[in-house]
Amino acid sequence: MNLRHSALAVLVAVLWGANFVAIDLGLHANGTEVPPLLFVAMRFVLVVFPWIFFIRRPDVSWRAIVGVGLFMSAGQFGLLYLAMALGMPAGLASLVLQAQVLLTVLLAAGILGERPSVRQFAGVVLGVVGLAVVAVGRSMVAPVLPLLIVLAAALSWAAGNIVARQAKASSGLGLVVWSGAVVPLPLIGLSLLIDGPAAVGGTLAGLQAVTILSAIYTAVLGSLVGYGIWNWLLGIYPSSAVVPFTLLVPVVGMTTAWLVLGEVPSPAEMAGGLLLLGGVAIAVLLPGRQGATPGQRRWHAQRRDVAFAGDVGEGLAAGLGADLGAADLGAGRAARGTADLAEDDAGRLAAGVRTAPDRDAGTRP
């Protein structure tokens, strides 16, 4: 990957890492607590509209669209925002959510029958040890419930990865936009049930500027811009060249949380986090035939300008964006030969599990 494209990948990691601080600021706007589920619904309204009117429904079943929307979007972000509303630090949330990489490996083995390599299994074990250390360190200074909720969010993300992998949509952007439409109404309904109509109405009537800016940042910069660039990079480079940049997300998240929010992790949390990141690195930095063949490099070079206009141009100029998080750690999904985010979440971005054997083996030009 050349310097310019590496800089773009770093930019995406920065956008996704800062996402967690933006969420925290929006949830706790000037001392006002915004109902977390309502806040997620607001974010996805901005992700879906007006883009859904300019992109066709993806060529997958409604069941797949609903499944991705429920697990990858509503479940992941609903639980993440809830945990942060209950006191989960933004920086630590950006770190713990990376457990979705390891969980996707396990779910892919159990549901899709994809046997993890010895190196992936070692990464999962190391990551679990790291999570245990983080949990012990967290329990010494604060309730551990928010951390468990973030782990549940990571599990929901991993389940969404599997659904997206099975769907194999030809348009990952279309899948994300249309599946995002599943989110607002159910979460608004849950917020009305849990927080009450008075709290929901009062929040909407007195929205703080920081909450509005936070929703815009997470939807536009975190989703549309971030995934527009990410899809394009995955369309012109092998996943092994792009995916490792996701390891920068918790680094940026924790650094940003320290600079903006004054969050300083405890020594135990830091040690456990390093173990977790080590496990994730082992799981995604797979050895083997992941590099591009000469034929692939020629093919990618020929389509690079077209890819930029088609993938990034559509994603940014036409607003055909996507939303995983990333950070909030979400997720590029790339179908074979395109920047298809749907397949990437399970196979490339999320778990490092091979999803395109023909590309890995160099059978494709």
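Modeller: Helices here are DSSP runs of H or I with at least four residues, and strands are runs of E with at least two. This is a predicted model.

Colleague: Fine. What does the secondary structure of the chain come to?

Modeller: The chain has 17 helices and two strands.

Colleague: And how much of the chain is buried?

Modeller: Buried residues account for 58% of its 365 residues. The chain exposes about 13800 Å², and 71% of that comes from carbon and sulfur atoms.

Colleague: Which residues in the largest nonpolar core touch the most other members?

Modeller: L80, Y81, M88, V96, L97 and L233, out of 79 residues in that core. Helix α3 supplies the largest share of this core, ten residues.

Colleague: What is M88 in contact with, leaving aside its neighbours within four places in sequence?

Modeller: M88 is in contact with A83, A93, V96, P146, L147 and V150.

Colleague: Switching to rings. How many aromatic pairs are there?

Modeller: Four. One of them is W62 with W178, edge-to-face, at 6.1 Å centre to centre and 65° between the planes. That pair links distant parts of the chain, with W62 in helix α3 (residues 62-85) and W178 in helix α8 (residues 172-180), 116 residues apart.

Colleague: What sits over the ring of F77?

Modeller: The charged end of R43, 4.6 Å from the ring centre.

Colleague: Now α6. What should it span, and how far apart are its end C-alpha atoms?

Modeller: Helix α6 (residues 118-141) has 24 residues, so at 1.5 Å a residue it should span 34 Å; its end C-alpha atoms are 36 Å apart, which agrees.

Colleague: Which of its residues are buried, and what do they pack against?

Modeller: In α6, the buried ones are Q120, G123, V124, G127, G130, L131, V134, G137 and R138. The buried residues of α6 pack against α4 (90-96), α5 (99-111), α7 (145-167) and α14 (267-284).

Colleague: What follows α13?

Modeller: G262, which has a positive phi, near 75°.

Note on methods:
Residues are numbered from 1 along each chain as its sequence is written. This is a predicted model: local features need pLDDT of at least 70, side-chain atom pairs count only at pLDDT 80 or more; totals for chains, interfaces and linings use all residues. Side-chain values use heavy atoms; hydrogens and water are left out. Buried means under 20% relative accessible area, exposed over 50%, partly exposed in between (1.4 Å probe, protein chains only). Accessible areas come from the Shrake-Rupley method with a 1.4 Å probe; for residues, only the protein chains shown count as cover. Rings of Phe, Tyr and Trp (its six-membered ring) pair if their centres lie within 6.5 Å; planes under 30 degrees apart count as stacked, over 60 as edge-to-face and the rest as tilted. A charge sits over a ring if NZ of Lys or CZ of Arg is within 6 Å of the ring centre and within 35 degrees of the ring normal. The expected span of a helix is 1.5 Å times one less than its number of residues. Contact means heavy atoms within 4.5 Å. A nonpolar core is a set of buried Ala, Val, Leu, Ile, Met, Phe, Trp, Tyr and Cys residues joined through side-chain atoms within 4.5 Å.
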